[in-house]
Amino acid sequence: MTPVAPWVRTRLRAAPGAAFALTLLVALTAALAAAFPRAVDRYEDAGLRQAVEEATPRRTTVQLWAPEPGPILPQRQREQALTPDILRAQYAKALKTAEHPLTPDRDQSSYGVRNTEALAVPDPWLPRPSGLPARVALAAQNGLADHARLRAGRLPRAAATATAQTDRVEAAVTAETAKALRIRVGSVIHVPAARHSSLAVTVTGILDPREPEGAYWTTQPLLRKPSLVREPDQNGEPDTYWEGALLLPPAAAPAMLGTDGHPVRYWQLAPATAALTAHDLSRLNSAIAALEAGPGLAKVRAFTDRSADASTDLDDVVTEYAHLRSGIAPLVAVAASGTATVAAVVLLMAGGLAADRRRSELALLRARGGSLRGVTGRLLAETSVLAVPAGALGLGAALLAVPAGRRTYAVAAAVAVTALACAALPVRAAVKHQVVQLHGAREDLTVVRPSRRRTVAELTLLVLASGAVFALRSRGTDTQDGNEFVALAPVLVGIIAALVLVRLYPLPLRRLARPAGRLRGAVGHLSLARAGRTSVSTVLPLLALLTALTTAAFGGSVLAGVADTRDRAALLTTGADARIEATRPLPDTLATEIRDSGSGVREVTPVSIAYQAKPEDGEQTVPLAGADPEAYARLAASTGLGAFPAAELKHPAHAPLPALASPAVADRYGTRPFPVRLEDGSHVTVRIALVRGLTPAVSGTDFLVVDRAGLGTRPARPTALLVTGDHLDGGALRRAAGAEADVRLRSQARAAYVDSPLQSGAERVYAAAVAAGAGYAVLALLLALVRAAPERTALLARLRTMGLTRAQGRRLLVLEALPQALLAAAGGALTGWAAIRLLSPGIDLTTIALAAATTDAPPGSTELRTDTLSLLLPALSVLVLATGTAAGQAWWTGRRGSVRELRAGDSR
């Protein structure tokens, strides 16, 4: 008996190129799909961790504390409550009380006893800046030897048993405290005591913290660094005094009961920053709330003291981060949904291409008795052999490329891609070969009309798209309520446009084909006739192109809007390309020196700014800027910050000074002349002649700008220089301005707005998603051309037997592809423009563009606007690629013979 070759192996050997292409496509798509959620997790986690780190441990550490034991308790019991063994056991229980994901950092967490009030010490050798004695706080914190290095002396030691009656203890101080308070090894500080004259504290060591910025030292900053305290005094200069900390050994903590410092026990739980993840924000907030005022605090009170309490600002830090994240996530979801749609279409097109290539084979199998289930099962096994290993390979590559992030979502995304790739060919074959057919019918739009089911599906999509657009316009991109459907709005707009264009565009082509038939030559008429009879399978490639172009236009406009918002905000901050400003008048020659420095300076505009000017001698201040009208008008026109005619601001003789005012100031004082008292006590009378919303010299909403020549000699001296130029050298400007002047560059101000990895990471992921969508769109276009290649090759071969030249064949294919390419390009640009116009009222770019939610946004610059380059460049690329591919196909076909295409019985 002759053995039968296995089906899968035979089919894969019959088309190795197609098998390799499918494997590569599935592997690449699975890798991108699996990498996306992990990349999002990575930058969101990095943003959360940076937010917690920048908030400083003083805000983020959960501080548990209990007051000193009550005086009604026996003295022995009060002292016992402050001993290291008791505090250590309570600290161990407190660590277990913190719920996941609030994981304490055991290395930086601490416990101990400290005074709540710093006590004034009478020692005369301690510094007294204004005559007030220095004050010290006593603290006995665990782990001093592990968190500090000895600079001089030794670590303090405690007596065998310290009590409230103890009158001598040892302590250490940090190097900063020793320098400020002039403390040396062996110094004795006498702390006032309640039960005896004083508690003599001998300094035995001077320490350097190992991690000065760690939570161990910065949760209570006084432990590391002394503070110069200013007491409020309305009669003159405020009184000041030094305040520092003396670090006692933990065993000496009971001695604090003999002082009036009101010692408290504390347990400080510093969060482990590396363990924080953005997807656990809700559980993190719950864990913080439980420990701050919930079941966790009840547990702490059970093993410490009934009066124990907790405090932290970590919940506020998390809330601020969640607000920033909620403004960025929907924009990234828009790009992700668009790219996912295009990738899914490409996988479906790949399955459709394979089904069309094997149409005759599958029809023959069905005609010879093959069941639909058996045929589709074999096709499923055939594609699974390729897709499953490819998906696993792509998943592994994504996990290696992006090591951080949740693995569950990555696996789910890769599985979804693999399942779609496996099902595309069997499902397409099952739909096409439900009925046994010996010869396939034509599938152009002259024969196949849209069915009722298709009409219902299109209307359903129309309703969904309309609902998404309405929701986004009315609600914005806030998705905290869980409605992620809004992110699909740009995609649905592209889908509707694709379905509408496929229905409508053959109609004008058929009308054009009739007059073209009366022209000389058959190329024009034939190309229009064939383009008007396009296959119904054009829906998928057109859907991919329009969705990709819409997403690219939307994404490009978002990125351009973010860049414009940052540029505008930086310009409002500096007023020019650079700003040199001082609290005192700048040298008169400084403007000339900077202009001649050759550091890229184009023009320098001196401005005198009186921030404390008071109109009508009132209490309200309005910044008043004086500048040369000609130079200032050029600056305002070049920066786009309130351009005005210079002649309107020039100082007339014996008349009030014309002033340029903000709308708020103009509404407040009108156009009548009114006096303004300047900072030096002189007065000037101004009259508002111009009103502008913005001006380069002042960034606020209240300002007055006048001719500097109309001010007195002292008020007219410039306090700021507004510098314009290209590639300014910040170092050269700072050297020329000197140490007393503040130099701010526009480029540096712009860079400061990218404050969080959440912003920069979202921008990178957004750009990558848009680029991937564009690549899949190109692949969809190539698949569509490859699918039509055999038919076009056979057509050219037959036409050449009738006298068609190679040049005419090239023109025929180019003209046939041109209408569809123009349709995709124009439709994509129009759809992208329409999507941006429809959705822009609900898109706020402030969060992703600027560093913090509290940053003042530039007026009118945070709304999404159409970016011309993002609309036209992708559309023109599609047009060039489509026509170039058609021309290349015609050239390649012309080099080959026509015998193979003219074989008898070929159904093409």
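Is E68 buried, partly exposed or exposed? In this predicted model, E68 is partly exposed, with a relative accessible area of 25%.

## Charged pairs

Side chains of opposite charge can pair when their charged atoms come close. The count here comes to 21 salt bridges.

## E68 and R78

E68 meets R78 in a salt bridge, with N and O 2.9 Å apart. E68 sits in the loop between β1 (62–67) and α4 (75–80), while R78 belongs to helix α4, so the pair ties together parts that are 10 residues apart in sequence.

R78 counts as buried because its relative accessibility is 7%, and buried means under 20%.

## R224 and E176

A salt bridge also joins R224 to E176, and their closest N and O atoms are 3.1 Å apart. This pair links distant parts of the chain, 48 residues apart. R224 lies in the loop between α8 (215–218) and β9 (227–231). E176 lies in helix α7 (residues 175–181).

R224 counts as buried, at 15% relative accessibility. E176 is partly exposed, with a relative accessible area of 35%.

## R744 and E581

R744 pairs with E581, and the closest N and O atoms are 3.3 Å apart.

R744 is partly exposed, at 29% relative accessible area. E581 is buried, at 13%. Both belong to one network: salt bridges with shared partners join R579, E581, D742 and R744.

Notes
Residues are numbered from 1 along each chain as its sequence is written. This is a predicted model: local features need pLDDT of at least 70, side-chain atom pairs count only at pLDDT 80 or more; totals for chains, interfaces and linings use all residues. Side-chain values use heavy atoms; hydrogens and water are left out. A salt bridge is a side-chain nitrogen of Lys or Arg within 4 Å of a carboxyl oxygen of Asp or Glu. Helices (H or I, at least four residues) and strands (E, at least two) are DSSP runs, numbered from the N terminus. Buried means under 20% relative accessible area, exposed over 50%, partly exposed in between (1.4 Å probe, protein chains only).
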